[in-house]
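Here is a short report on one protein chain.

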Amino acid sequence: QFAKAQDAVKYRESVMTLMGSHFGRMAPVAKKEAPYDKDKIKENIGLLNILAALPWAAYGQGTQGGEARAEVWSDPDGFKQAQDKFQAELGKLTVAADAGDFDAFRVAFGEVGKSCKSCHDSYRKKK
Ligand code: ASC
């Protein structure tokens, strides 16, 4: 799938960058600093659902590197649990956005953000 470890690193970091963009641009809405546009939010979350499926296959054996900590490979069950938590919270965010429920969106947005952070805290190198 990836010819070189560095190709896997670049792939997963590229996907994470896009996820950060499509998640982060909703933050002003969640903070009530920008208006809630249901369709724009749904578009971002639709893209996030696609992107969220992609990074994990790029953490195969022998692809150590980048900002990933050794724990990704030494604690695969914990890493998988963190992925599953993120997917579950993104699922709730998707339901809220589909319903056009701003309050539910805000709560679920915060929970997705926490799941990003908690995985980064455990599995991404400290900057
Ligand atoms: C983002 C981003 C993250 C998360 C995290 C939430 O927009 O790039 O890693 O949100 O900061 O706590």
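From the N terminus on, the elements run α-α-α-α-α-α. That makes six helices and zero strands in the chain. The radius of gyration is 15 Å, close to the 14 Å that the globule rule gives for 127 residues, so the chain is as compact as a globular protein of that length. Keep in mind that this is a predicted model.

The C-alpha trace spans about 45 × 25 × 25 Å along its principal axes. Of the 127 residues, 34% are buried. The chain exposes about 7,400 Å², and carbon and sulfur atoms supply 55% of that area. Take the contacts between residues at least 6 apart in sequence: 76% of them join residues at least 24 apart.

Now turn to helix 3. It covers residues 38-51, which is 14 residues. From first C-alpha to last, helix 3 reaches 20 Å, close to the 20 Å expected at 1.5 Å a residue. At its start, a side-chain oxygen of Asp37 comes to within 3.1 Å of the backbone nitrogen of Asp39.

Which residues of helix 3 are buried, and which exposed residues does the face turned away from them carry? The table sorts them.

| Side of helix 3 | Residues |
|---|---|
| Buried | Ile41, Asn44, Ile45, Leu48, Leu51 |
| Exposed, on the face turned away | Asp39, Glu43, Ile50 |

Seen down the axis of helix 3, the buried residues fall within an arc of 115 degrees, so they line one face of the helix. What covers them includes helix 1 (5-24), helix 2 (27-30), helix 5 (76-99) and helix 6 (102-123).

Note on methods:
Residues numbered from 1 in each chain as written. Predicted model: local features only at pLDDT ≥ 70, side-chain atom pairs only at ≥ 80, totals over all residues. Heavy atoms only, no water. Helix = DSSP H or I, 4+ residues; strand = E, 2+ residues; numbered from the N terminus. Expected span 1.5 Å × (residues − 1). Buried < 20%, exposed > 50% of the residue type's maximum accessible area, 1.4 Å probe, protein only. Arc of directions from axis to C-beta. Contact = heavy atoms within 4.5 Å. Polar contact = N/O pair within 3.5 Å; in protein donor to acceptor, adjacent residues only side chain to side chain. Rg over C-alpha atoms; globule rule 2.2 N^0.38 Å. Areas by Shrake-Rupley, 256 points an atom, 1.4 Å probe, with all protein chains shown as cover.
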